[in-house]
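Dear colleague,

I am passing on a structure that I would like you to look over when you have time. My notes follow directly after it.

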Amino acid sequence: MQDLIKRLTPEARITVLTGAGVSAASGVPTFRGNDGLWKNFRPEALATADAFGRDPKLVWEWYHWRRFRISTCEPNAAHHVLAEWGRRFPNFKLITQNVDGLHEKAASAKATVGQAPVNDVIRLHGSIWEVSCWGGCANSPRRWRDETIEFAELPPKCPYCDGLIRPSVVWFGETLESNVVDRAMRAVHCDVFMTIGTSAVVYPAAAFVEQARRQGAFTVEINPEATPASTTVDLVLKGGAETVLPDIAACL
Ligand code: BV8
Ligand code: ZN
């Protein structure tokens, strides 16, 4: 751990990539854990445009259930430490695969009134709290925030064209937004890269830690389990993010 602490200096370029494991302590089910997001279905089978095209009601039932679940969850100590680091370290960047919005919630919880949350989170896979028109109708914005918990009907209708709306998340087989990928690529140029709470199986996010290492970053993994990244990083800290991150913060 000392190897890491000595590198977390005020001028250090620190980049963190998070996955579902960071929200586990908040009660948000992970994708591939044994509590499985929805046991009968694999995310890869449901989180696709094909699945939505075939059965929009089924896919919406899954998102409806996840939105309700997430609406009852609060950020945990891991989110708060990362939000604090966003304020403390001028060259801190946070990249997340999560769509639950808990990083943003933790950042805005501490931001002084009127101040934009300091760590503008680089959200690779979109937000479960945003929707867009499935048909991309001319009158609708590219995406908009919709925090409805109980939709009157599933699948919900687009208010601009009476077609369907979809969750504004990146599904398997869909490309990530190029400006988001560009920001992530710039953030991978760093002194310390920490991959936290991700099974490191979904691309292109899973490739970032190796790209960071190749560019000279000191790489760290925080996860109670081993992942494909465990054998490539400089330091593995085995444990939950909600305990390991506060332990690191206490040494700073
Ligand atoms: C794309 C949004 C161009 C929806 C999600 C190579 C290059 C590019 C693409 C591919 C490629 N190879 C394969 C592909 C295709 C595909 C892919 O990666 N497939 C995988 C399954 C092999 N990638 C794509 O399609 C991407 N698109 O690149 O477009 C393209 C397209 C096709 C072909 C080539 C190029 C789009 C990927 C985005 C998919 N959308 N979600 C939604 O959320 O509903 S992915 C989904 O998985 C979530 O976003 C999630 O964030 C992500 C990763 O999961 P994790 O976050 O890691 O969560 P998981 O449950 O897996 O693991 C939790 C971890 O936490 C575990 O390790 C556990 O031990 C740990 N943990 C548990 N408790 C704790 C903890 N850690 C810390 N503390 C704890 N307390
Ligand atoms: Zn529409």
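The model is predicted, with local features needing pLDDT of at least 70 and side-chain atom pairs counting only at pLDDT 80 or more, while totals for chains, interfaces and linings use all residues. Side-chain values use heavy atoms, without hydrogens and water, residues are numbered from 1 along each chain as written, and chains are lettered from A and ligands numbered from 1 in written order.

By an automatic or database domain assignment, the chain divides into domain 1 (1-27 + 75-125 + 176-252) and domain 2 (29-72 + 127-169), whose centres, taken over C-alpha atoms, are 26 Å apart. Contact (heavy atoms within 4.5 Å) links twelve residues of domain 1 with 14 residues of domain 2. The two domains bury about 1,000 Å² between them, 50% of it on carbon and sulfur atoms, where buried area is the accessible area (1.4 Å probe) lost on putting the two parts together, summed over both. Of the area that domain 1 buries against domain 2, 40% comes from V99, R123 and E177, more than from any other three residues.

Three salt bridges (a side-chain nitrogen of Lys or Arg within 4 Å of a carboxyl oxygen of Asp or Glu) cross this interface, and E177 also forms a salt bridge with R142, at 3.9 Å from N to O.

The zinc ion (ligand 2) has as protein donors (N, O and S atoms within 2.8 Å of the metal, or 3.2 Å for Na, K and Ca) the SG atoms of C133, C137, C158 and C161, at 2.2 to 2.4 Å. These donors follow the spacing C-x3-C-x20-C-x2-C along the chain.

Best regards
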